[in-house]
Amino acid sequence: MDKIALRTYTDFDQVGIYAAALKIVAIFKIVQSGFQIFWVSLSYENYENNENAKDFFESTSLIVIPITLIVGCLIILSKDWLILLLGEEFHSASILIPLLVFIPISTMIREVTGKGIDFVKKTYW
């Protein structure tokens, strides 16, 4: 859908730049998907079997959120090195990498902090 919208309002060069940036960000999305699968099973198991589940989730949030933000910042700061590593055809895509890397970062943070709503089945305090 996003490529269709880009094609409607821009030319093929812009669609190609966007597709190249998506290829780079896809690596981080694979890590995010693996973490999501791991985290869902771990959180449900820990919630059912642990009386101090709240402590587990608080400490995990204090660890995972900063690590995710640091890795995201490192990806953003090293985007020029990634372009050198991948080739000159990805150079114009370096502008979009910071914007597109926000998607997997926010998904990982949402996954860690949002499981409490699933467990208690309420959205209020």
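**Close-up 1. Trp 39 and Phe 57, a buried pair.** In this predicted model, Trp 39 and Phe 57 are both buried. For Trp 39 the relative accessibility comes out at 1%, so the residue falls under the 20% cut-off for buried. The two rings sit edge-to-face, with 5.8 Å from centre to centre and 85° between the planes. Trp 39 belongs to helix α2 and Phe 57 to helix α3, so this pair ties together parts that are 18 residues apart in sequence.

**Close-up 2. Trp 39 again, now with Phe 56.** Here the ring centres are 6.0 Å apart and the planes make an angle of 15°, which is under 30 degrees, so this pair counts as stacked. Phe 56 sits in helix α3 (residues 53-77) and Trp 39 in helix α2, so the link spans parts 17 residues apart in sequence.

**Close-up 3. The aromatic cluster.** Phe 35, Trp 39, Phe 56 and Phe 57 make up one aromatic cluster. Searching the whole structure turns up four aromatic pairs.

**Close-up 4. Where helix α1 meets helix α2.** The axes of α1 (residues 2-9) and α2 (residues 12-49) come within 8 Å and cross at roughly 155°. That is over the 145 degree cut-off, so α1 runs roughly antiparallel to α2. The crossing of α1 past α2 is right-handed. On the α1 side, the contact involves Asp 2, Lys 3, Leu 6 and Arg 7; on the α2 side, the partners are Phe 12, Val 15, Tyr 18, Ala 19 and Leu 22. Sorted by type, the residues of this α1 and α2 contact are six nonpolar, three charged and no polar.

Note on methods:
Residues are numbered from 1 along each chain as its sequence is written. This is a predicted model: local features need pLDDT of at least 70, side-chain atom pairs count only at pLDDT 80 or more; totals for chains, interfaces and linings use all residues. Side-chain values use heavy atoms; hydrogens and water are left out. Axes are lines fitted to C-alpha atoms, for helices over the stretch in contact, and angles run from 0 to 180 degrees between N-to-C directions. Helices (H or I, at least four residues) and strands (E, at least two) are DSSP runs, numbered from the N terminus. Angles under 35 degrees count as roughly parallel, over 145 as roughly antiparallel, 65 to 115 as roughly perpendicular and the rest as oblique. A crossing is left-handed if the near helix is turned anticlockwise from the far one by less than a right angle, and right-handed if clockwise. Contact means heavy atoms within 4.5 Å. Ala, Val, Leu, Ile, Met, Phe, Trp, Tyr, Cys and Pro count as nonpolar, Asp, Glu, Lys and Arg as charged, and the others, Gly among them, as polar. Rings of Phe, Tyr and Trp (its six-membered ring) pair if their centres lie within 6.5 Å; planes under 30 degrees apart count as stacked, over 60 as edge-to-face and the rest as tilted. Buried means under 20% relative accessible area, exposed over 50%, partly exposed in between (1.4 Å probe, protein chains only).
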